[in-house]
Amino acid sequence: MKSIQAEIIKQDHLVDDIYSMYIKNKELTENAHSGQFVSLYSRDSARLLPRPISICEIDKKAGTLRLVYRTVGEGTKEFSTLRKGDSIKVVGPIGNGYELDCESPILMGGGIGIPPMLQLAKELSEKGVHKDKLTVILGFRDNTFLLNEFKKIATVYMSSDTGSVGVKGNVIDAANEYGVTGDKIYACGPKPMLRAIKAYAYEKDIDALISLEERMACGIGACLACVCKSVDVDDHSKVNNKRICVDGPVFHAEEVEL
């Protein structure tokens, strides 16, 4: 997979340590879809490894990707200083993404797992899933972001750590509070949230697709740095592991151990 130079079209500071970056290169968008990610490279030669960032929005006509990310280290802090007209080295899109085969989806996003739910919601809407049947549950720390964009196309419920917005607790607490129903769950967020969603899906007898977040090294499946435990033996590693970067990041919940 080759690296590409992409142009920064726009960069905004949303809330707290969350930033929204638009990058342009038509090669990146040609086959991109929800659930995939790209790897961004630092300009600092001392930081050799790329940073994986989920795709928030895709505009194939304009040839742009929107990436919403949290600054958690020097690499992402560097990205937050980029401005319109700057360029960045990118590899991607990477990963398998989400299946869009349901009529009444429940999307659950927590923290920085919220942004990839936006492109998924748009793709489901474009496939004909009506707003009344497209349920999104968002779990925030405290301050909200992207909320109005979700509300345009979906029925939205919220939870927060403090109870300042929505239900106090997590996305499962919100699902129970509002009596949410559907035929498939799509989720992205921290591992404790995904573990709770897997148990909830099993209890409700609903299929669940979960996107795993993990630190990565190569991002192309060669180094085995981002493996997770799986039910089946992996053809590549010959053990009960899956490589999140290329076998995922999206898995059926029953495929992996959390």
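This is a predicted model: local features need pLDDT of at least 70, side-chain atom pairs count only at pLDDT 80 or more; totals for chains, interfaces and linings use all residues.
A pocket is an open set of points on a 1 Å grid over the protein atoms alone, where a 1.4 Å probe fits, with protein on both sides within 12 Å along at least five of seven lines. Residues are numbered from 1 along each chain as its sequence is written, and side-chain values use heavy atoms, without hydrogens and water.

Of the 19 residues lining the second largest pocket (those with an atom within 4 Å of a point), Gly110, Gly111, Gly139, Asp161 and Pro190 are the closest to its centre. By class, this lining has 6 nonpolar, 9 polar and 4 charged residues; Ala, Val, Leu, Ile, Met, Phe, Trp, Tyr, Cys and Pro count as nonpolar, Asp, Glu, Lys and Arg as charged, and the others, Gly among them, as polar. Strands β9 (135–140) and β10 (155–160) and helix α6 each supply at least two residues of the lining. Helices (H or I, at least four residues) and strands (E, at least two) are DSSP runs, numbered from the N terminus.

Strands β9 and β10 belong to an open sheet of 7 strands, ordered β11-β10-β9-β8-β12-β13-β16, with mixed pairing. Two strands pair if DSSP finds at least two bridges between them. Because β11 (167–168) and β16 (250–252) stand at the edges, each with a single partner strand, one side of each is left without a neighbour in the sheet. Within the sheet, β8 (residues 105–110) and β12 (residues 184–188) pair in the parallel sense over 5 bridges, and Gly109 stands opposite Cys188 in β12. Helix α3 (residues 115–126) packs on this sheet, touching β8 and β12, and its direction makes about 165° with that of β8. Contact means heavy atoms within 4.5 Å; axes are lines fitted to C-alpha atoms, for helices over the stretch in contact, and angles run from 0 to 180 degrees between N-to-C directions.

Another open sheet of 7 strands has the order β4-β3-β7-β1-β2-β6-β5, with antiparallel pairing. Its edge strands, β4 (51–54) and β5 (57–59), each pair on one side only. Here α3 also packs, touching β4, β5 and β6 (64–70).
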